[in-house]
Amino acid sequence: MTGGDGLVLAIETSCDETAAAVVEGGRTILSSVVSSQVGLHERFGGVVPEIAGRAHVEQIVPVVGRALADAGFDPTGRPLPATGREGRVGAVAATTGPGLVGALLVGVSFAKALALAWDVPFVGVNHLEGHLYASLLEEPGMALPVVVLLVSGGHSLLVVMHGPRYYEVLGETVDDAAGEAFDKVARFLDLGYPGGPAVEHAASGGDSQAVPLPRPMLAEGLDMSFSGLKTAVVQFVTRHPDVRTPDVAAAFQEAVVDVLVHKTLAAARAVGARGVCLAGGVAANGRLRERTVEACEAEGLPVFLPSRAMCTDNAAMIAAAGHVRLASDGSTSIGAGAEPSARFPVSPP
Amino acid sequence: MLAIESATIEVGVALAGPGGLLAALVARPGRRHVETLHPAIVAVCSAASTPLASVGAVCVDVGPGLFTGIRVGVAAAKGVAFGLGVPVVTCTSLEVLAEAAQDVALTVVPVVDMRRGEVAWAAPGRDMRLGSTADLAADLAGLEGEAMLVGDGALRYGVAIVEATVALGGAAPRISSEDLGAPGVAALARLGIRRLAAGATTDAARAEPCYLRPPDARANWVSRPAPVVDVGARADPTAVPW
């Protein structure tokens with residue numbers, strides 16, 4: 001479908017990173033470029049949609065140009081003479097959702113236009129599905145089925161992956177995403193933005209036992225809830241204004257990690273998973289990584305932790321997912337739009 | 001040259017050469033710009049029997065107007081121009097509106113509805129401005145001769161603008177008919193061809209939207225889908241072909 005080498009250029013603009021990558025055969029990353037807007041949103045303590053949309057328009061050409069050049073291609077998708085390559089880029093993939101609509105539209109519009117200019121297929125990719133392929137890119141030999149804990153600023157999901165394009169959602173947050181709780185607590189504690197790294201940093205000097213916090217929905221199936229935990233932090237600090245901030249950060253982080261690890265292991269047992277892996281920006285949290293490894297080792301369950309660069313939003317994972325999608329479903333209509341509220345794509349076998 | 005117009009509620013695509021239009025298509029997609037624009041590019045190339053790869057420049061309306069529509073149009077223009085290695089010609093929506101009204105004998109003032117009670121306009125020989133209808137009326141009251149207002153801002157706020165201008169001692173401006181209400185893709189193509197001939201081009205990386213208003217700086221938590229209530233029965237994993 002994607003020409004001799006299965007070369008896919010992918011574009012990701014669902015939130016505050018403008019990213020592009022070229023991946024060969026769904027497996028080999030030839031280039032992966034990520035331009036973060038974190039500095040633009042920092043002073044607002046969260047992503048500002050209109051600022052994100054504008055920044056994507058400014059960044060899209062430099063980022064895509066760089067990804068092509070790094071992979072050895074010119075802007076027309078043909079190999080640069082010095083590379084000695086023959087095949088040209090055979091498809092353009094883009095994240096269609098979920099995400100911020102004004103941000104998604106930039107990537108989708110640019111990618112569809114580029115596919116038309118190159119006369120190659122366009123393929124729309126679900127951002128959440130893309131995160132599953134981040135692990136597969138780095139660990140192609142992973143035994144399936146594998147349970148994936150996908151935790152980011154916008155999403156908290158437990159998914160079992162039986163095979164390419166064959167997934168089931170086992171559990172989901174019923175309110176805030178885990179990363180969203182980190183951002184909100186960081187903002188409340190005045191720790192900075194983005195909240196994940198800020199809380200983790202503060203927690204490193206704290207005692208997680210010093211502040212009693214609940215473990216919401218711990219015994220209730222595989223769904224999760226983080227909104228009440230955030231409220232518990234606010235209430236505790238309001239009642240105990242002298243509490244040390246590092247202790248609050250450590251206790252909050254430990255509570256979130258307790259819930260995530262407990263649910264992930266429960267999910268793995270429930271489906272007889274042959275492995276566990278993490279995905280999404282929160283998967284870069286050191287404490288979550290450490291505790292997941294400990295818990296999986298205790299049960300003799302193989303665990304894979306993607307590199308931090310593969311946890312956060314990137315386009316290599318979108319290219320890998322796009323490659324699989326193109327092979328299974330063919331190209332996406334050139335009339336496709338953005339789907340800001342797209343669900344995780346659960347497809348029947 | 002490929003011309004892309006999506007700065008307002010209309011989406012227009014045209015192919016044009018030095019001799020004029022080869023094919024054009026205009027749609028009113030509501031807010032579904034990204035769903036409409038790319039199929040329109042395919043349809044226009046097909047109607048003109050011209051492959052997109054033979055296009056030598058891309059012209060785009062960069063606004064001011066609907067932020068979403070502008071971004072979709074500029075991103076698409078960047079995609080085509082970058083992928084083909086051809087230059088971009090940019091025109092503002094106010095310039096396109098004025099071009100479309102070139103046969104009008106009065107002093108043409110294009111006015112774009114910017115929502116929130118504001119309009120963008122350009123009096124002849126002056127820079128673009130963003131302001132209230134009262135600000136516009138103050139500008140109009142100072143104009144020599146009779147003015148004709150064109151654009152969706154003129155259609156929406158016409159009565160208020162006329163009353164305010166007269167109250168300031170100016171001559172009542174005329175309001176155009178609806179056919180001059182939106183920047184047309186034919187006028188965009190005409191203007192673009194002239195600019196291309198004059199060498200007034202930029203490249204895909206440098207082509208930028210014209211918003212005229214700073215971004216709404218309101219943080220928003222990333223939207224997420226509603227929670228799953230029932231995941232349903234688990235299918236048999238062994239049934240999957242690898």
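**Entry 1: chain B overall**

I started with burial in chain B, where buried residues make up 49% of the 242 residues. For burial I count C-beta atoms placed from the backbone: a residue is buried if 20 or more others lie within 10 Å of its own, exposed if 12 or fewer, and partly exposed in between. A note to myself before going on: this is a predicted model, so local features need pLDDT of at least 70 and side-chain atom pairs count only at pLDDT 80 or more, while totals for chains, interfaces and linings use all residues. Residues are numbered from 1 along each chain as its sequence is written, and chains are lettered from A and ligands numbered from 1 in the order in which they are written.

I then looked up the secondary structure and found 6 helices and 10 strands in chain B. These are DSSP runs numbered from the N terminus, with helices being H or I of at least four residues and strands E of at least two. Next came contacts, meaning pairs whose C-beta atoms, placed from the backbone, lie within 7 Å. Among contacts in chain B between residues at least 6 apart in sequence, 73% join residues at least 24 apart.

**Entry 2: the domains of chain B**

I looked up the division of chain B and got domain 1 (2-93 + 183-197) and domain 2 (105-175). The bounds come from an automatic or database domain assignment. The C-alpha centres of the two domains of chain B lie 27 Å apart. Their contact takes 5 residues from domain 1 of chain B and 5 residues from domain 2 of chain B. On the domain 1 side, I find 1 nonpolar residue, 4 polar and no charged. In this scheme Ala, Val, Leu, Ile, Met, Phe, Trp, Tyr, Cys and Pro count as nonpolar, Asp, Glu, Lys and Arg as charged, and the others, Gly among them, as polar.

**Entry 3: helix α6 of chain B**

I followed α6(B), residues 185-197, which has 13 residues and reaches 18 Å from its first C-alpha to its last, close to the 18 Å expected at 1.5 Å a residue. The expected span is 1.5 Å times one less than the number of residues. Its buried residues include B:V185, B:L188, B:R190 and B:I193. What do the buried residues of α6(B) pack against? They meet β1 (2-5), β2 (11-17), β3 (20-27), β4 (58-61), β5 (88-91) and α3 (93-100) of chain B. After α6(B) comes B:G199, with a positive phi near 80 degrees.

I picked B:D127, in the loop between β7 (118-121) and β8 (129-132) of chain B. B:D127 counts as exposed because it has 6 C-beta neighbours inside 10 Å. Its C-alpha is separated by 21 Å from that of B:V104, 23 residues apart along the chain.

B:L155 lies in α5 (152-167) of chain B. It has 18 C-beta neighbours inside 10 Å, so B:L155 counts as partly exposed. Leaving out residues up to four places away in sequence, B:L155 touches B:I175, B:E178 and B:G181.

**Entry 4: where chain A meets chain B**

I find 60 residues of chain A in contact with 45 residues of chain B. On the chain A side, α2 (49-71), α3 (101-118), β7 (156-163) and β8 (166-172) each supply at least two residues. The largest share, 13 residues, comes from α3(A). The chain A side divides into 35 nonpolar, 16 polar and 9 charged residues.

**Entry 5: inside chain A**

Chain A splits into domain 1 (7-133 + 312-329) and domain 2 (143-305). I get 28 Å between their centres, taken over C-alpha atoms. Here 14 residues of domain 1 of chain A are in contact with 18 residues of domain 2 of chain A.

Last, I looked up α7(A), residues 227-239, where A:L229, A:K230 and A:V233 are buried. They cover an arc of only 105 degrees around the axis, which puts them on the same side of α7(A). The arc is that of the directions from the helix axis to the C-beta atoms. The face turned away from the buried side carries the exposed residues A:Q235, A:T238 and A:R239. The buried residues of α7(A) pack against α5 (178-188) and α8 (245-271) of chain A.

How values were computed. Contact = placed C-beta atoms within 7 Å.
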